[in-house]
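Here is a short note to read beside the model. Keep the structure open and find each residue as it comes up.

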Amino acid sequence: MLGHLFSIICPYILSNGECKVEYFTNTDTLFKIFLIGSVWGPLIETAVFQALPIVLFYKFVRKKSNSKLYILIFSASLLFGITHNYNVLTIIDSTFAGIIFCRVYVYFINRGKSGFFYTFFIHAIYNTYAFILDDVLKLA
């Protein structure tokens, strides 16, 4: 996930175009894959794709219109989906997951709870499930 995000922004950071993204090899431990995919990935993605846009929205727009909130949720979710650019189906799946994550975030902050924690937790559980299927059981 983060490798894909880096590969998207790297050409803009390094103007010479020398961007090399290294993915895990078979010699990497499952623990490293788990740590990045189920902890760091959801933590960073929750901050960038849910918390940052929604907190800024509430701070500067202040619920003047729910339609603006839904546009924000859709656009943040679309960016979330695009960063998971393994294939078209994954982009679509990730976009819908992003919509759910944004809605969870808004649901909990509107109830005075930590939208960040609950969104991160659900995202981490989902990624852990995928980790078990893909990397541990080799089913996918």
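1. Start with Thr 83. Its relative accessibility is 9%, so Thr 83 is buried (buried means under 20% relative accessible area, exposed over 50%, partly exposed in between, with a 1.4 Å probe and protein chains only). Thr 83 sits in the loop between helix H3 (66-82) and helix H4 (88-109). Its side chain makes a polar contact with the side chain of His 84, at 3.3 Å. A polar contact is a pair of N or O atoms within 3.5 Å; within protein, one must be able to donate a hydrogen and the other to accept it, and residues adjacent in sequence count only if both atoms are side-chain atoms.

2. A word on the basis. This is a predicted model, in which local features need pLDDT of at least 70 and side-chain atom pairs count only at pLDDT 80 or more, while totals for chains, interfaces and linings use all residues. Residues are numbered from 1 along each chain as its sequence is written, and side-chain values use heavy atoms, with hydrogens and water left out.

3. Now the overall fold. The protein chain has five helices and zero strands. Its pattern along the sequence is α-α-α-α-α. Helices (H or I, at least four residues) and strands (E, at least two) are DSSP runs, numbered from the N terminus. Of the 140 residues in the protein chain, 31% are buried.

4. Next, the aromatic rings. How many aromatic pairs does the structure hold? There are eight. Rings of Phe, Tyr and Trp (its six-membered ring) pair if their centres lie within 6.5 Å; planes under 30 degrees apart count as stacked, over 60 as edge-to-face and the rest as tilted.

5. Why is the pair of Phe 57 and Tyr 58 edge-to-face? Their planes stand at 85°, so the pair gets that label; the ring centres are 5.7 Å apart. Phe 57 is buried, at 5% relative accessible area. Tyr 58 is buried too, at 18% relative accessibility.

6. Phe 80 and Phe 101 form an edge-to-face pair, with 5.9 Å centre to centre and 85° between the planes. Phe 80 lies in helix H3 and Phe 101 in helix H4, so this pair ties together parts 21 residues apart in sequence. Phe 80 has a relative accessible area of 2% and is buried. Phe 101 also counts as buried, at 5% relative accessibility.

7. Finally, look for a group of rings. Tyr 107, Phe 108, Phe 117, Tyr 118 and Phe 121 form one aromatic cluster.
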